Amino acid sequence: MSDAHDVLVSASILNADFSRLDRVVHKMERAGVDRLHLDVMDGHFVDNITFGPDVVAAFRRLTEMPLDVHLMISEPARYIDRFIDAGPQTITFHVETTEGREEKSAAIEAIHAARMGAGLAVSPDTPVSAIEHWLHELDVIMIMSVYPGWGGQGFIPETAPKIGEARARLSAAGRGGLVHVDGGVNSKTAEIVGRHGIDVCVVGSALFQRGQDASDEVDLVKSLARQGFEAAAAGTY
């Protein structure tokens, strides 16, 4: 995290109205989010099914905001070229996939060859140490604070310390990557993740609730995450 304790918000569109993606994008732009988080699910790695690279490409045409693609699919290396062609800024896939070390390394190499950021995600029951082999190659470590597959789940507090561990590992590696936290992050949990040094808060359901002002939620998440960071730095929490 920077000296200014900057915290970014990446809007997960999992619970958005897919009948009008243009409206969703413009709403998020007006709300002041920094990035869009696109969850790709295959019905195999997780039970849910969402969309593929064509929809990612559609988002690319609709906005200049950075796109973070989160692959919750069983064989990311097999499909990595198609997602690269869709034009996101970062592509993150799960360390728990059954593809071997060589396939994972090849996918990361392909992402970097396309001048995009590469990331690995760890589910709630997976230790951060599982990504150790690729640590010097990662631009993103994504800490899942819910079990992957469905939006609207509650934040799992026990996952929060993994944020600080991931931050420390990235700093030690000298890679300069960012730690994202994904799942149940909102104005009620932002201070918790801020205490552990989060860089990017993935916020989903809270931005699409009827009657909820998305810009207020974005401002609150950023403000409370920074307060948590500062309280931890001062040792006052």
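Let's start in a loop: Arg115 sits between helix H4 and strand S5 (117-122). Helices (H or I, at least four residues) and strands (E, at least two) are DSSP runs, numbered from the N terminus. This is a predicted model, in which local features need pLDDT of at least 70 and side-chain atom pairs count only at pLDDT 80 or more, while totals for chains, interfaces and linings use all residues. Residues are numbered from 1 along each chain as its sequence is written, and side-chain values use heavy atoms, with hydrogens and water left out.

**Arg115 and its backbone**
- Arg115 is exposed, with a relative accessible area of 80%; exposed means over 50%, buried under 20%, and partly exposed in between (1.4 Å probe, protein chains only).
- The phi of Arg115 is positive, near 60°, although the residue is not a glycine.
- Most residues other than glycine have a negative phi.

**Helix H1**
- Helix H1 covers residues 21-31, and its buried residues are Leu21, Val24, Val25, Met28 and Ala31.
- Looking down the axis of H1, these buried residues fall within an arc of 130°, so they line one face of the helix; the arc is that of the directions from the helix axis to the C-beta atoms.
- An α-helix has 3.6 residues a turn, so residues three or four places apart point the same way.
- On the face turned away from the buried side, H1 carries the exposed residues Arg23 and Arg30.
- What do the buried residues of H1 pack against? Their partners are strand S1 (8-12), strand S2 (35-41), helix H2 (53-62) and helix H7 (214-234), where contact means heavy atoms within 4.5 Å.
- After H1 comes Gly32, which has a positive phi near 90°.

**Helices H3 and H4**
- H3 (residues 76-85) and H4 (residues 101-113) pack at an angle of about 10°, and their axes are 9 Å apart.
- Axes are lines fitted to C-alpha atoms, for helices over the stretch in contact, and angles run from 0 to 180 degrees between N-to-C directions.
- H3 and H4 are therefore roughly parallel to each other (angles under 35 degrees count as roughly parallel, over 145 as roughly antiparallel, 65 to 115 as roughly perpendicular and the rest as oblique).
- From H3, Ala77, Ile80, Asp81 and Ile84 meet Glu103, Ala107, Ala110 and Ile111 from H4.
- The residues of this contact between H3 and H4 divide into six nonpolar, no polar and two charged; Ala, Val, Leu, Ile, Met, Phe, Trp, Tyr, Cys and Pro count as nonpolar, Asp, Glu, Lys and Arg as charged, and the others, Gly among them, as polar.

**Buried loop residues**
- Ser145 lies in the loop between strand S6 and helix H5 (161-173), and it is buried at 0% relative accessibility.
- The side chain of Ser145 reaches the backbone oxygen of Gly183 at 2.6 Å.
- Asp199 is in the loop between helix H6 (190-195) and strand S8 (200-203), and it is buried at 4% relative accessibility.
- The side chains of Asp199 and Arg167 are joined by a polar contact of 2.2 Å; a polar contact is a pair of N or O atoms within 3.5 Å, where within protein one must be able to donate a hydrogen and the other to accept it, and residues adjacent in sequence count only if both atoms are side-chain atoms.

**Exposed loop residues**
- Not counting residues up to four places away in sequence, His136 touches Ala173 and Arg175.
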